[in-house]
Amino acid sequence: MQVTLKIERYNPESDESRQETFSVDVVEEATLLDVLDVIKDEVDGSLTYRKSCRMAVCGSCGMRMDGAAVLACKTPMRPVVEAGEVPVISPMGNLPVLKDLVVDMEPFWAKFRAIKPYLDDGGEEPPVKEWRVQQEELDRVMTEALCIQCGCCVSECNSMESDPDFLGPAALAKAARFVNDVRDRGGKSRLEIYNGPHGVWDCTRCYFCNQRCPKGVHPRDAIAKLGAAIYQEGMHSDGGARHAKVFVKSTHQTGYLLETHLVPETVGAVNAIKEIPFALRLARAGKVPNPLKPHKAKKLDEVRKLSKLIESQEQATLEAANAGPTRPPADPARAKESE
Amino acid sequence: MKSSYAYYPGCLASLSQKELDTSTRAIAGKLGMTLVDIPGFTCCGAGDVHEARPEYYLHLNARILGQAEQLGQDTLLTICNVCTLNLRQANAKLQADPELLQRVNRNLKEVGAASYSGGVDVRHLLWEIAEGDGYEKLKQIAEKPLTGIKIAPFYGCQILRPSRLLGFEDPDRPQSLERIIEACGAEAVDYPSKIKCCGFPIVLARAEVALGELIQPLAEAKEAGADAMVTPCPLCHLSLDAWQGKASREADMEFDLPIFHLAQLVGAAAGLSYDELQFKRHVVKAYPVTDKIYQGV
């Protein structure tokens with residue numbers, strides 16, 4: 001089949017950018033990476049992109065097709081050809097472009113290093129030769145452990161476009177992988193890194209990361225796991241956690257969001273005073289509900305009881321998680337095998 | 001489209017964004033949709049309770065779904081992106097895991113709440129009128145075409161992504177709003193960030209980051225020649241409308257872009273008045289566009 005691509009080219013020596021169109025004949029099973037290889041072999045040897053394993057394991061060939069980050073080796077071209085489309089291939093977003101489709105991954109790795117991507121066992125000696133992890137304990141981190149660090153999530157992160165220092169979905173997904181590892185003893189000091197000004201609460205919940213991840217890591221869900229760990233540890237110093245606290249409180253007090261509490265309780269009383277002219281503009285349009293007569297849900301006692309009941313169950317789960325790895329079974333045969 | 005729905009307006013349409021609830025009820029009558037109120041519904045917990053206390057979030061949403069079921073309804077109608085994702089995500093979890101459903105129901109029973117069997121589908125108003133008989137009905141009621149008005153569709157995030165939980169349309173090339181704009185006789189304006197974030201979830205905790213996100217769609221839509229913007233989400237609406245002044249100062253650009261709720265757009269094309277659709281409850285004045293619609297000037 002014949003595939004036509006428009007490729008965004010960038011030459012760092014002349015600092016020139018241009019879009020170039022290539023048409024090549026490829027086999028029907030060809031992926032985007034196969035097409036690029038044919039172009040490089042047969043048409044223009046200067047075309048530059050990263051690749052290695054060709055089987056969605058190494059995470060090297062992240063790039064954009066029509067603005068959406070993909071792994072080139074995992075993207076079949078036949079449906080694109082059949083739809084009569086000529087896609088635009090460009091480098092990933094949120095990372096500096098070095099040449100053509102190659103981006104500088106250093107800012108990505110710097111954030112990765114910042115989250116302490118290694119096990120912190122607190123210096124404790126394992127009960128036997130090694131820390132034994134049960135299958136259900138492994139299952140808790142398996143989703144995040146699937147990450148191949150390709151950067152497709154980071155490429156599309158809307159918060160990172162606005163705050164380039166945001167730790168971002170890939171690093172935070174890796175953080176969740178360690179927070180939920182039963183062997184890890186990083187505890188609050190680990191969470192404090194993620195609770196910083198460019199951490200968890202920077203996430204705007206655009207869900208581009210979940211949508212783009214080629215490995216099903218669901219980075220946004222991982223960030224939410226960190227938010228839950230921070231919140232349930234009682235770390236409520238950040239405006240993000242305080243914002244969440246108002247929502248939780250709202251469901252108990254009235255069943256509906258207490259909109260008038262959100263500003264003072266998230267940004268603090270002093271900053272809230274600065275927002276008075278803004279609040280008055282909203283009030284003139286009827287957007288500020290009367291705080292003295294809040295709208296109350298019926299059967300509110302059900303929700304209050306529900307929150308208390310679940311809180312006690314959450315506490316039990318948290319304590320179990322903090323109790324550390326399951327000790328090896330007392331079965332002498334298995335104990336012997338592990339020694 | 002169904003003839004009747006358990007109607008879940010959520011918090012914002014019940015509080016600061018009442019014009020959305022009023023307009024939805026008004027167009028439902030015209031479309032022949034019966035909206036059955038859910039007595040005792042609460043907040044879905046938004047992204048916040050979902051993040052901070054995921055177990056509590058799951059139970060809050062199971063309770064709402066159970067209440068819908070108790071009304072004898074098999075479909076719950078939402079008018080907010082965040083409510084849609086929250087309810088659908090909880091629903092998918094409960095439907096896929098009978099043991100979890102059983103445990104949640106035990107808790108619901110203990111506090112005296114209605115249990116949930118897993119038989120409710122959660123649908124956003126947008127999806128009900130963007131295709132099939134709902135779309136045909138929309139074309140019938142759109143008797144006053146909004147000719148000559150250019151409208152920028154703004155989808156918001158949580159009606160598109162993650163598509164495995166939402167899945168109504170291609171999350172990168174959605175067309176539902178465009179189809180509705182056309183059925184209303186207006187012209188849809190295209191611009192790249194129509195599928196991006198409005199920044200609202202972090203507008204208080206991270207004001208600068210949020211404003212950076214908000215400026216993009218406003219600037220692009222304006223540049224593309226839009227007279228107004230339409231969104232299916234009251235949170236996006238609040239961000240695009242109430243925070244537009246701040247975005248304007250931050251970007252040093254004049255936007256003056258009226259933001260319509262989806263139900264207001266449909267209502268205007270269906271001949272409902274300025275007052276019935278409560279356009280006066282907007283922060284960015286809608287009259288530069290509504291005057292064209294209602295007075296032809």
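Predicted model: local features only at pLDDT ≥ 70, side-chain atom pairs only at ≥ 80, totals over all residues.
Helices are taken here as DSSP runs of at least four residues, numbered from the N terminus. Val49(B) is buried, because 26 other C-beta atoms lie within 10 Å, and the cut-off for a buried residue is 20 or more. When neighbours within four places in sequence are left aside, the contacts of Val49(B) involve both chains. From chain A come Ala244(A), Phe247(A), Val248(A) and Thr251(A), while chain B itself contributes Tyr56(B), Tyr57(B) and Leu60(B). Leu60(B) sits 11 residues from Val49(B) along the chain, and the C-alpha atoms of the two are separated by 9.5 Å.

Turning to the sheets, chain A has an open sheet of five strands in the order 2-1-5-3-4, with mixed pairing. Its edges are strand 2 (16–25) and strand 4 (68–71) of chain A, each of which pairs on one side only. From one strand to the next, the twist averages 35°. Strand 3 (residues 62–65) of chain A joins strand 4 of chain A in the antiparallel sense, through four bridges, and Gly62(A) stands opposite Leu71(A) of strand 4 of chain A. Helix 1 (residues 32–43) of chain A lies across strand 1 (2–11), strand 2, strand 3 and strand 4 of chain A, and runs at about 95° to strand 2 of chain A.

Chain B, for its part, has an open sheet of four strands in the order 2-1-3-4, and here the pairing is parallel. The edge positions belong to strand 2 (34–37) and strand 4 (121–124) of chain B, which pair on one side only. Neighbouring strands of this sheet are turned against each other by 40° on average, direction ignored. Strand 3 (residues 75–78) of chain B runs parallel to strand 4 of chain B and is joined to that strand by four bridges; Leu76(B) has Val122(B) as its bridge partner in strand 4 of chain B.

Further along chain B, strand 7 (228–231) has parallel partners that include strand 5 of chain B, over three bridges, and strand 8 (residues 259–261) of chain B, also over three bridges. Met229(B) takes part in both pairings: Met229(B) is the bridge partner of Ala152(B), and Ile259(B) in strand 8 of chain B is the bridge partner of Met229(B). Both faces of strand 7 of chain B are covered, with Ala228(B) and Val230(B) buried on one side and Met229(B) and Thr231(B) buried on the other.

Strand 7 of chain B is also among the elements against which the buried residues of helix 9 of chain B pack. These buried residues are Ser176(B), Leu177(B), Ile180(B), Ile181(B) and Ala183(B), in a helix that covers residues 176–183. They lie on the same side of helix 9 of chain B, because they cover an arc of only 160° around the axis. Besides strand 7, they pack against helix 7 (125–129), helix 8 (132–141), strand 5 (150–153), strand 6 (187–188) and helix 13 (262–269) of chain B. Gly185(B) follows helix 9 of chain B and has a positive phi, near 85°.

The axes are 9 Å apart and meet at an angle of about 30°, which makes the two helices roughly parallel. Helix 8 of chain B contributes Tyr135(B), Leu138(B) and Lys139(B) to the contact, and helix 9 of chain B contributes Arg179(B), Ile180(B) and Ala183(B). By class, the residues of this contact are four nonpolar, no polar and two charged.

Definitions and conventions: Residues numbered from 1 in each chain as written. Chains lettered and ligands numbered in written order. Buried ≥ 20, exposed ≤ 12 C-beta atoms within 10 Å, placed from the backbone. Arc of directions from axis to C-beta. Contact = placed C-beta atoms within 7 Å. Pairing = 2+ DSSP bridges. Axes fitted to C-alpha atoms, helices over the stretch in contact; angles between N-to-C directions. Parallel < 35°, antiparallel > 145°, perpendicular 65-115°, else oblique. Nonpolar A, V, L, I, M, F, W, Y, C, P; charged D, E, K, R; others polar.
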